[in-house]
Amino acid sequence: MNKPRKRLFFYIYNMKAKDYFNPDPKKPRTKDGLIVSRKVKAIRDMRKGVTPLKNPDGSPSTHLLESGQSGNKRRPYEVNPQVFPNNKGETWTDLRGKGNEAYYEAKKRGEVVGFKSAKRAEKFAYGKKWKEGQDKKDANEAYRKDKKAGKLYTQSEQFKVDKQRVKQSRKNK
């Protein structure tokens, strides 16, 4: 046989390389405490079976995601929830507008998702990628509306400064 050793191993044990490197292919993969693969599945499964939080306007929510930057060089942008269920959603911990408290709580629960691109993180936080049905249409509409109004982080001057800083940190590896 002229197959390289690695291919021979996978041939003998009748498995695919991705299954070898991710022992449970159905579960999202985490690295450095960040969810890095199967992000949509991870977010959808995260709050399955919980009673939704009632917002002040009467709408239900299980996820209110925010995007931000991190010190991670490989995935410098992160998305985390701002509301957290207690006892299967009987009560909720609402950390909207409380700075880093929501991030630390999400990190403790393993609910932080890592991204390489700020734009992808921002779209994910709006729900463009993981929501379904009418909620997804509403998320797309909200994203487009905010983009037209220039309210997105990726359109701000601060983003340009941060992007240069991230590029410099990647160069200095």
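The lining of the largest pocket divides into ten nonpolar, five polar and nine charged residues. Here Ala, Val, Leu, Ile, Met, Phe, Trp, Tyr, Cys and Pro count as nonpolar, Asp, Glu, Lys and Arg as charged, and the others, Gly among them, as polar. The model is predicted, so local features need pLDDT of at least 70 and side-chain atom pairs count only at pLDDT 80 or more, while totals for chains, interfaces and linings use all residues. Residues are numbered from 1 along each chain as its sequence is written, and side-chain values use heavy atoms, with hydrogens and water left out.

**First stop: the largest pocket**

Select P60, H63, W130, K131 and D135, which lie nearest the centre of the largest pocket among its 24 lining residues. The volume of this pocket is about 670 Å³. Helix 3, strand 4, helix 5 and helix 6 (134–149) each give two or more residues to its lining. Which element provides the largest share of the lining? Helix 6 does, with four residues.

A pocket is defined on a 1 Å grid over the protein atoms alone, as an open set of points where a 1.4 Å probe fits, with protein on both sides within 12 Å along at least five of seven lines; lining residues have an atom within 4 Å of a point. Grid points are joined across faces, edges and corners, and the volume is the space filled by probe spheres set on the points. Helices (H or I, at least four residues) and strands (E, at least two) are DSSP runs, numbered from the N terminus.

**Second stop: S61**

Now select S61 in strand 4 (residues 60–61). Is S61 buried or exposed? S61 has a relative accessible area of 10% and is therefore buried; buried means under 20% relative accessible area, exposed over 50%, and partly exposed in between (1.4 Å probe, protein chains only). Display N55 as well: its side chain makes a polar contact with the side chain of S61 at 2.6 Å. Such a contact is a pair of N or O atoms within 3.5 Å; within protein, one must be able to donate a hydrogen and the other to accept it, and residues adjacent in sequence count only if both atoms are side-chain atoms.

Select I43, L65, Y77, V79, V113, F115 and F124, which touch the most other members of the largest nonpolar core, a group of 16 residues. Helix 5 gives the most to this core, with four residues. A nonpolar core is a set of buried Ala, Val, Leu, Ile, Met, Phe, Trp, Tyr and Cys residues joined through side-chain atoms within 4.5 Å. Centre the view on V113: beyond its neighbours within four places in sequence, its contacts (heavy atoms within 4.5 Å) include I43, Y77, V79 and F124. A second, separate core of eight residues includes L34, V36, F84 and V112.

Select R120 in helix 5. R120 counts as exposed because its relative accessibility is 61%. R120 and S67 are 53 residues apart in sequence, yet 9.7 Å apart in space, C-alpha to C-alpha.

D32 has a positive phi of about 55° although it is not a glycine, and D32 is exposed at a relative accessible area of 61%.
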